[in-house]
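Hi everyone, thanks for coming. I'd like to walk you through one structure today, so let's get it up on the screen.

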Amino acid sequence: MPNTDRIIRLKTVLDRTGLSRSTIYRKIAEGTFPRQVPISIHGAGWHESAVNRWVADPAAYRPDNDNPPSLGKSGHGEG
């Protein structure tokens, strides 16, 4: 069975990071925190592994490898 990445919700992210809700969304906008992934029409969460990478080293976090595009998107890798 493949190792799957769990989706965690905002409350869990707040507990694990110690950040406030507004700080998380500000950091997402700045590109210094993992982006959310949609899980339903009105719901979203975060890849647990992405949040764990941020917690391990917040200053060095880069979203380059987080939330890769799905197969249904452009399919383009490097330019």
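Let me start with a question: are lysine 11 and aspartate 15 buried or exposed? Lysine 11 is exposed, and aspartate 15 is too. By exposed I mean over 50% relative accessible area, with buried under 20% and partly exposed in between, using a 1.4 Å probe and protein chains only.

Some ground rules. This is a predicted model, where local features need pLDDT of at least 70 and side-chain atom pairs count only at pLDDT 80 or more, while totals for chains, interfaces and linings use all residues. Residues are numbered from 1 along each chain as its sequence is written, and side-chain values use heavy atoms, leaving out hydrogens and water.

Back to our pair. Lysine 11 and aspartate 15 form a salt bridge, 3.5 Å from N to O; that term needs a side-chain nitrogen of Lys or Arg within 4 Å of a carboxyl oxygen of Asp or Glu. They're 4 residues apart in helix α1, about one helical turn. Helices here are DSSP runs of H or I, at least four residues, and strands are runs of E, at least two, numbered from the N terminus.

The whole structure has 4 salt bridges. Arginine 6 bridges to glutamate 48 at 3.1 Å between the closest N and O atoms. Arginine 6 sits in the segment before β1 and glutamate 48 in helix α3, so this pair ties together parts 42 residues apart in sequence. Arginine 16 also bridges to glutamate 48, at 2.8 Å, linking α1 to α3 across 32 residues. Through shared partners, Arg6, Arg16 and Glu48 join into one network. Glutamate 48 is buried, at 16% relative accessibility, while arginine 6 is partly exposed at 49%, as is arginine 16 at 34%.

Now the sheet. It's open, with 3 strands in the order β1-β3-β2 and antiparallel pairing; pairing takes at least two DSSP bridges between two strands. β1 (7-8) and β2 (37-38) are at the edges with a single partner each, so one side of each has no neighbour in the sheet. In the pairing with β3, isoleucine 8 partners tryptophan 46, and proline 38 partners alanine 44. β2 and β3 make a hairpin with 5 residues between them.

Last stop, helix α2 (residues 21-30): which of its residues are buried? They're Thr23, Ile24, Lys27 and Ile28. Facing away from that buried side are the exposed residues Arg21, Ser22 and Ala29. The buried ones pack against α1, β3 and α3, where contact means heavy atoms within 4.5 Å.
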